[in-house]
Structure formats: C-alpha cells, structure tokens
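I opened this entry to look up charged side chains. I wanted to know which ones pair up and where they sit.

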Amino acid sequence: MVKKKQNIFYKTNDEIELLRHSNILVGKTHAEVAKIMKPGVKTIVLDKLAEEFIRDNNAEPGFKGYDGFPYTLCMSINNEVVHGMPSDYELKSGDVVSIDCGVYANGYYGDSAYTYVVGDVAPEVMHLLVVTKESLYKGIEQAIVGKRLGDISFAIQQHTERTHGYGVVRELVGHGVGRSLHESPEVPNYGKRGKGIKLMEGLVLAIEPMINLGKKEVKKDDDGWTIVTADGTPSAHFEHSVAVRKGKADILSTFEYIEAAIKNNSELKEIA
Ligand code: MG
Ligand code: MG
C-alpha cells in the first residue's frame with residue numbers, strides 16, 4: 001500500500017509484547033477461517049467470521065476502513081496477488097487463496113498473511129507456495145542486529161527469483177509496523193546485500209514476499225483494489241511481523257494455529 005516517507009519508530013520491549021499480542025490474535029483469526037474453508041464456501045462468509053472473532057477478542061479489524069478498504073480480510077485467489085476483496089465467490093477445489101489479516105489492539109497493529117490450498121493443485125503451484133514460504137524464513141534469518149535491510153530483500157529475491165525463476169513483485173513491499181499499520185522503512189522483496197539501513201534492536205518489520213509463478217509484472221483490477229499478475233499465473237504471499245534482535249529475529253506473528261487447523265481440515269492441503 002502507498003505510504004509517505006516518515007521516521008522509523010524503534011519499539012521498547014513493552015511495545016513489542018503488545019505487538020506480539022496483536023499478531024497472535026491475527027494467527028488465531030486465520031485459524032478460525034481455516035477451520036471452515038472448503039469448496040462451496042463464500043469468501044464473504046470467511047470475512048464475516050474473521051471480523052466477529054477479532055471483535056469478540058476485544059480488538060478491531062486492522063484493514064477495515066484503512067484507505068477505505070471495506071473488509072476485514074484481503075482474500076486474493078489464484079492470479080490475484082494481494083488486496084483482493086471478499087465477495088459471493090464460492091471457493092472451489094484447486095483454488096490458491098492468499099489471506100492477509102490485520103488487527104488493531106491496545107494501540108498496536110498485527111499483520112500476517114498465509115496462502116491456503118483448497119483441494120488439489122498442480123505440483124508447480126504447490127512448489128511456488130513452498131518456495132515462497134521458505135523465502136519468508138530466509139528473509140527473517142537476516143532480520144538481526146548488525147545486518148542491513150538489503151540483506152533481507154536479497155535473501156528473498158535470491159531464493160525465489162534467482163534459484164527458482166519466479167517473479168518477485170516490485171510494486172508492493174513489506175513495511176515497518178507498530179502504532180501504524182504501515183510504517184517506515186519499506187521492505188522490498190528484491191535488493192542488494194549490504195545496502196539500506198542498519199538493522200537495530202526494536203525495529204519491527206512486516207516481511208511479506210509476494211511471488212508470481214510467472215513474470216513479475218502486476219496490474220490493478222477494475223475493482224480499484226485487487227492486484228493481479230499481468231500474465232495470469234498464480235501468485236503466493238506469506239507474511240510475518242518480526243522484531244529485530246541480536247542473533248535471532250523474534251517472530252511476533254505465528255502460523256502455529258493456522259497449520260494445526262489445516263492439518264485438521266481435510267479440504268485444505270498442507271504447504272509441504
Ligand atoms: Mg499483511
Ligand atoms: Mg503487511
């Protein structure tokens with residue numbers, strides 16, 4: 001999403017715990033959605049469930065109303081990259097569904113995305129999902145004190161584009177997260193090793209590779225929100241919010257609840 005240049009806000013440990021609280025709620029919201037995902041379910045039903053769950057947990061949907069976005073979840077299916085809108089569309093076997101969820105609680109945002117597989121998909125599509133998820137963790141490995149922002153970007157691009165030939169979306173990037181959903185700095189999924197700002201304790205980043213099976217180019221759909229691949233190929237998106245630490249990044253969001261829900265839902269395939 002578009003963002004003005006602004007200062008970087010480094011977080012205290014207390015603030016990081018509040019960010020963890022919001023991000024864990026994001027993971028649990030995802031899991032609630034994953035429990036009922038199956039062919040025939042309308043995406044708007046999943047959105048309503050997510051909103052109710054977030055409000056029942058004394059928080060607010062982080063995306064609803066942001067820049068005028070009208071829903072709780074961004075749901076981007078198949079060739080849709082990000083910012084897809086829930087609708088009366090019914091999921092079907094073979095759909096690859098990126099769900100991005102944000103919550104706002106105690107003054108801090110949580111932000112995390114996961115791409116789900118409904119029923120069966122082609123092996124090359126599953127491979128895209130596996131590699132994109134791997135690239136997220138390769139980026140996170142670099143989110144430590146003393147590294148530079150470009151080290152994160154490089155690691156993601158190296159794994160997805162150079163090693164596997166996928167298209168790394170250029171127009172959309174990760175970001176700082178805190179009291180605002182999108183803070184400085186931007187975290188591109190492409191870049192040069194050793195470049196960019198030095199990573200310091202207290203920097204909290206949403207790292208989010210958006211990777212296309214085909215070419216890197218994207219365009220905006222007629223609805224004014226949904227970003228789609230220009231060549232129509234499927235796209236994958238995984239996102240964690242992480243705090244930069246010495247030696248090892250602290251992942252504030254979690255896929256633990258999501259992956260337990262997927263395991264227990266025979267209509268969804270595990271990403272592996
Ligand atoms: Mg997100
Ligand atoms: Mg984000």
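**Charge pairs and a charged patch**

I started with Glu51 and Lys64, whose side chains form a salt bridge at 2.8 Å, N to O. Glu51 is in helix H2 and Lys64 is in the loop between strand S1 (60–61) and strand S2 (73–77), so this pair ties together parts 13 residues apart in sequence. I note that the model is predicted.

Glu51 is buried because its relative accessibility is 13%, under the 20% cut-off. Lys64 is partly exposed, with a relative accessible area of 36%. Glu51 has another partner: its side chain makes a polar contact of 2.9 Å with the side chain of Arg55.

I then asked how many salt bridges the structure holds. The count is 15.

I looked up Lys42 and Glu90, which meet in a salt bridge at 3.9 Å, N to O. Lys42 lies in the loop between helix H1 (13–36) and H2, and Glu90 in the loop between strand S3 (80–82) and strand S4 (96–105), so the bridge ties together parts 48 residues apart in sequence. Lys42 is partly exposed at 31%, and Glu90 is partly exposed at 43%.

Lys92 and Asp95 form a salt bridge at 3.0 Å, N to O. Lys92 is partly exposed at 44%. Asp95 is buried at 0%.

I also found a salt-bridge network linking Glu17, Arg20 and Asp250.

Last, the surface. Arg162, Lys192, Arg193 and Lys195 gather there in a patch of positive charge. Arg193 sits in the loop between strand S8 (183–187) and strand S9 (204–207). Arg193 is exposed, at 59% relative accessible area.

Definitions and conventions. Residues are numbered from 1 along each chain as its sequence is written. Chains are lettered from A and ligands numbered from 1 in the order in which they are written. This is a predicted model: local features need pLDDT of at least 70, side-chain atom pairs count only at pLDDT 80 or more; totals for chains, interfaces and linings use all residues. Side-chain values use heavy atoms; hydrogens and water are left out. Patches are made of residues with over 30% relative accessible area and no salt bridge: like charges are joined within 9 Å, nonpolar side chains (Val, Leu, Ile, Met, Phe, Trp, Tyr) within 5 Å. Accessible areas come from the Shrake-Rupley method with a 1.4 Å probe; for residues, only the protein chains shown count as cover. A salt bridge is a side-chain nitrogen of Lys or Arg within 4 Å of a carboxyl oxygen of Asp or Glu. Lys and Arg count as positive and Asp and Glu as negative; His and the chain ends are not counted. The place of a charge is taken as NZ of Lys, CZ of Arg, CG of Asp or CD of Glu. Helices (H or I, at least four residues) and strands (E, at least two) are DSSP runs, numbered from the N terminus. Buried means under 20% relative accessible area, exposed over 50%, partly exposed in between (1.4 Å probe, protein chains only). A polar contact is a pair of N or O atoms within 3.5 Å; within protein, one must be able to donate a hydrogen and the other to accept it, and residues adjacent in sequence count only if both atoms are side-chain atoms.
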